[in-house]
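Here is a short briefing on a structure. Look at the model first, then work through the points below.

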Amino acid sequence: MTPTARESPKATVKLSQGLAIGYNSLLAEVTEDIPLHNGTHYLLARNGRGKTTLLKTLAGLIRTLSGSFETRGLCQFIGDEFCFDRELKSRAVFKALIPAARREDAFRLADRLELDVGKEFGKLSFGNKKKVGLVVAEFRLREGEPNLLFYDEPFTGLDTPAREVISERWDATENQALRIVSCHPDFDSMAMPSALLISEGRIFRGGDGNLTWADFKERLN
Amino acid sequence: MDLFRLTISTLLARKMWVVILLVALITPVVFPLFTPHETNASLLEPARAQTAWTCAWVIGILWTLSQAARFGESNSRSGIGSYFRSQGLGSLRQIFAIWSAIMLFLLPVVLIAIGTCLLFAMPADPQEASMWVWTNLQFATLFLLTIGPLALLGVGLASRFGALVGYVAPTGLCLYGLYGVTYLGMTIRLRGDNILLEWLYAVSPQYRLADLTPRLIFKMGHLPWSDFAGFFLYFLAITLVLGSFATLLFRTDPLRN
């Protein structure tokens with residue numbers, strides 16, 4: 001994998017104070033203006049607190065209850081249910097969705113992730129199915145344009161080595177995209193340089209850039 | 001375009017298209033051999049034409065409509081619909097991307113039916129031959145105007161209510177329009193005083209008009225062009241109605257969201 005070093009125009013997301021999310025009733029509300037720029041921002045909350053709802057709202061898939069937000073960049077929302085036809089091989093998925101110029105790099109990343117691209121999607125394990133969606137999204141970033149990637153629990157089912165490969169990829173390409181990643185980290189030392197938290201109906205920014213998952217756990221409980 | 005490519009890749013991966021093409025190619029050759037053609041050789045050619053187009057109808061109803069339902073459901077439930085919508089691909093473009101990929105796989109079946117009629121059942125008389133060609137082209141047009149909108153409806157319904165509804169409703173409508181309305185018409189003629197039935201008959205889709213098999217079997221020649229234009233406009237109107245329903249029903253994510 002050879003990530004492109006070229007810097008893309010900055011993608012931005014700005015959540016304005018008063019932005020309220022939910023389907024029919026209020027799930028959570030932004031308590032302060034939150035500007036986000038290129039890089040990886042983790043979205044942390046306990047179950048049912050509105051992580052997916054926030055990502056879908058930012059992706060334009062559902063409406064806000066009130067308030068506003070701004071996004072700048074080409075958006076990709078990768079939901080936790082994102083999957084392909086069970087008879088389709090990952091190789092065919094990549095050929096259909098990833099531009100030819102970037103496909104080799106995609107196969108290289110798949111190889112590093114130990115993803116068997118010749119196997120039918122339906123025969124892949126849960127974690128490996130997640131990898132297919134991750135690779136597709138990562139290599140559909142548009143070069144020279146601001147990119148927004150909203151991942152809903154991409155690490156579920158992934159083992160630590162695979163997660164580290166993905167984190168490496170994100171670090172190497174942080175200038176190309178703004179990523180918001182909802183997750184339930186399962187090891188305390190996982191670094192969280194930037195995090196959005198949802199707790200007690202409030203959406204706020206947490207961390208000073210040097211915190212780990214262990215530091216955030218207390219705030220979410 | 002990406003969703004279209006993904007749908008094409010999926011259809012190719014399912015490999016059912018191989019069986020479909022083989023069926024479309026082989027049945028018009030094999031089935032007519034079951035007729036008593038040894039005693040009456042003139043039976044063979046109309047039988048080939050009949051089998052070729054019957055096969056196209058069966059494939060259209062059993063395969064095309066089922067694929068439409070399957071893709072409609074999976075697009076909304078697999079997160080692919082949401083993914084593409086987040087990228088700016090709206091509902092209308094998504095439903096047409098899926099639909100056009102499915103229809104692309106039906107085209108060879110139609111071409112095989114036409115090819116069978118032109119290569120293996122062509123009348124020797126030049127005037128009849130010319131009419132034969134036009135009848136087949138008219139048939140192909142009306143056939144596609146029947147199955148196409150029903151497939152679109154299947155995608156739309158399935159994306160909202162699931163594959164079962166997305167398959168059963170268009171299939172039921174198709175069979176009703178092909179056969180049911182004929183019985184309804186007979187009932188009305190026999191009873192003659194039921195306004196409700198007459199009204200139902202008037203609003204029913206008359207898909208039986210799209211089936212030109214009898215014209216091929218009995219060499220009745222192509223439809224008069226004025227009739228064909230009328231049928232064409234009629235099916236175009238049905239296309240607009242079903243297309244509107246389908247696009248209104250189409251969802252890129254499951255109903256619960």
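Helix 6 (residues 126-161) and helix 7 (residues 163-191) of chain B pack at an angle of about 150°, and their axes lie 7 Å apart. That angle makes helix 6 of chain B roughly antiparallel to helix 7 of chain B. This is a predicted model: local features need pLDDT of at least 70, side-chain atom pairs count only at pLDDT 80 or more, and totals for chains, interfaces and linings use all residues. Residues are numbered from 1 along each chain as its sequence is written, while chains are lettered from A and ligands numbered from 1 in the order in which they are written.

**Terms for the helices**

- Helices (H or I, at least four residues) and strands (E, at least two) are DSSP runs, numbered from the N terminus.
- Axes are lines fitted to C-alpha atoms, for helices over the stretch in contact, and angles run from 0 to 180 degrees between N-to-C directions.
- Angles under 35 degrees count as roughly parallel, over 145 as roughly antiparallel, 65 to 115 as roughly perpendicular and the rest as oblique.

**Helix packing in chain B**

- On the side of helix 6 of chain B, the contact (C-beta atoms, placed from the backbone, within 7 Å) includes B:T146, B:L150 and B:F161.
- Helix 7 of chain B contributes residues including B:A163, B:Y167 and B:C174.
- The residues of this contact between helix 6 of chain B and helix 7 of chain B are twelve nonpolar, three polar and no charged.
- Here Ala, Val, Leu, Ile, Met, Phe, Trp, Tyr, Cys and Pro count as nonpolar, Asp, Glu, Lys and Arg as charged, and the others, Gly among them, as polar.
- Helix 3 (residues 44-77) of chain B and helix 5 (residues 91-120) of chain B cross at roughly 170°, and their axes come within 10 Å.
- Helix 3 of chain B and helix 5 of chain B are therefore roughly antiparallel to each other.
- Their contact has 16 nonpolar, seven polar and one charged residues.

**Where the chains touch**

- Chain B gives 16 residues to the contact, and chain A gives 21 residues.
- Helix 1 (2-14) and helix 4 (80-86) of chain B each supply at least two residues of the side that touches chain A.
- Helix 1 of chain B gives the most to that side, with seven residues.
- The side of chain B that touches chain A has three nonpolar, eight polar and five charged residues.

**The eight-stranded sheet of chain A**

- Eight strands of chain A form an open sheet in the order 2-3-11-10-5-9-8-7, with mixed pairing.
- Strands pair if DSSP finds at least two bridges between them.
- Strand 2 (20-21) and strand 7 (74-78) of chain A are the edge strands, and each pairs on one side only.
- Strand 2 of chain A pairs with strand 3 of chain A in the antiparallel sense over two bridges, and A:I21 has A:A28 as its bridge partner.
- Strand 3 (residues 28-30) and strand 11 (residues 202-206) of chain A pair in the parallel sense over two bridges, with A:I203 as the partner of A:V30.
- Strand 10 (residues 195-199) of chain A runs antiparallel to strand 11 of chain A, and five bridges join them.
- In that pair, A:A195 stands opposite A:G206.
- The hairpin of strand 10 and strand 11 of chain A has two residues between the strands, and A:E200 takes a positive phi near 50° there.

**Strand 5 of chain A**

- Is strand 5 (residues 39-45) of chain A mostly covered or mostly open? Six of its seven residues are buried.
- A residue is buried if 20 or more other C-beta atoms lie within 10 Å of its own, exposed if 12 or fewer, and partly exposed in between, with C-beta atoms placed from the backbone.
- Strand 5 of chain A runs parallel to strand 9 (residues 177-182) of chain A, joined by five bridges, and A:T40 is partnered by A:R179.
- Strand 5 of chain A also pairs with strand 10 of chain A in the parallel sense, over four bridges.
- A:Y42 stands opposite A:A195 in strand 10 of chain A.

**A loop residue**

- A:D116 sits in the loop between helix 3 (100-112) and helix 4 (126-138) of chain A.
- A:D116 is partly exposed, because 15 other C-beta atoms lie within 10 Å.

Definitions and conventions: Contact = placed C-beta atoms within 7 Å.
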